[in-house]
Amino acid sequence: MNDDPEPIENISGGDEGGGIADSFDPGGAETRAEEVVDRLGELYWQKTYGGQDAFTCLVRTVLSQNTSDVASQPAHDDLMKRYAGDDLAEALADAEHAQLAETIRSAGLYNQKADVLTEAGEHVLAEYGSTEAFDRFVTEGDSNDVRQALLDMNGVGPKTADCVLLFSGGQAGVFPVDTHVHRIYRRLGIAPADADHEDVRGVLERAVPATKCGFGHTASIQFGREYCSARKPACLDGPEACPMSDVCDQVGVDVESSEVVDPADAD
Ligand code: SF4
């Protein structure tokens, strides 16, 4: 395993985002998806997630929607500086829209995200009474009930709900699917080329052991940035440029012509 720490500009928040260093044996994978995750464990950190405060995690994930962690991390830090106090949900429910939007400007879509955060604060207060009670519900509740409760919140989709379940609830077996995960596992040929996010999540949660799913999520994002990027996958420079070449179907990647299309549009 590589000793590099998980980057701070990451959906999990890196070392400061909770989770604990873990180790798993990269040998003996039973599926191709597990083999990929095991190789990621040799490239990157190995970690088990959980332990973040759920509402803070929800805020972080909403800020990260449709943008990079590099852009959303400062927005998260500024928001916490201004609004974290006795009760974050209450502070966001009471926040003045223009001030909140300005605080999170660097995350993009800041007017829309400010509305989502304020509504989330109001929802948490109305349904659970306090941020602390909501945090307890996410950590201790049945994962299906928690997932459904999160999805019932305005602006919370499956990826956000799954990230909250993973990073705060520490739910093993949750493999959130973001744009990188969605692209990579269809290119690899592990998920069908036309699979949507939920289909890919189902494939991965069946094929990857529960204890490796959280790591698989964060490490796949890193792999998507460093190797299997949307427009210029590393294998365009030859098979030796990507550590997954021998287990990848390269769906949508034409090395000869350097043409790259979404797997769903591949011939
Ligand atoms: S071989 Fe190419 S398409 Fe496959 S994982 Fe590597 S970079 Fe991505």
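Predicted model: local features only at pLDDT ≥ 70, side-chain atom pairs only at ≥ 80, totals over all residues.
Biologist: Which domains does the assignment give for the chain?

Modeller: The domain assignment gives domain 1, covering 14-49 + 175-260, and domain 2, covering 54-167. The centres of domain 1 and domain 2, taken over C-alpha atoms, are 27 Å apart.

Biologist: And how many residues of each domain are in contact with the other?

Modeller: On domain 1 there are 10 such residues, and they are in contact with 6 residues of domain 2. Two helices, α11 (197-207) and α12 (210-226), each supply at least two residues of the side of domain 1 that touches domain 2.

Biologist: How do the residues on that side of domain 1 divide by type?

Modeller: They divide into 5 polar, 3 nonpolar and 2 charged residues.

Biologist: Turning to the core, which residues have the most contacts inside the largest nonpolar one?

Modeller: Those are Phe55, Leu58, Leu117, Val164, Tyr185 and Leu204, in a core of 61 residues. Helix α2 (residues 54-64) gives the largest share of this core, with 7 residues. Domain 1 and domain 2 each contribute at least three residues to this core.

Biologist: What does Leu117 touch, leaving out residues up to four places away in sequence?

Modeller: Leu117 touches Val59, Val62, Leu92 and Leu100.

How values were computed
Residues numbered from 1 in each chain as written. Domains from an automatic or database assignment. Contact = placed C-beta atoms within 7 Å. Helix = DSSP H or I, 4+ residues; strand = E, 2+ residues; numbered from the N terminus. Nonpolar A, V, L, I, M, F, W, Y, C, P; charged D, E, K, R; others polar. Core = buried A, V, L, I, M, F, W, Y, C linked by C-beta atoms within 7 Å. Buried ≥ 20, exposed ≤ 12 C-beta atoms within 10 Å, placed from the backbone.
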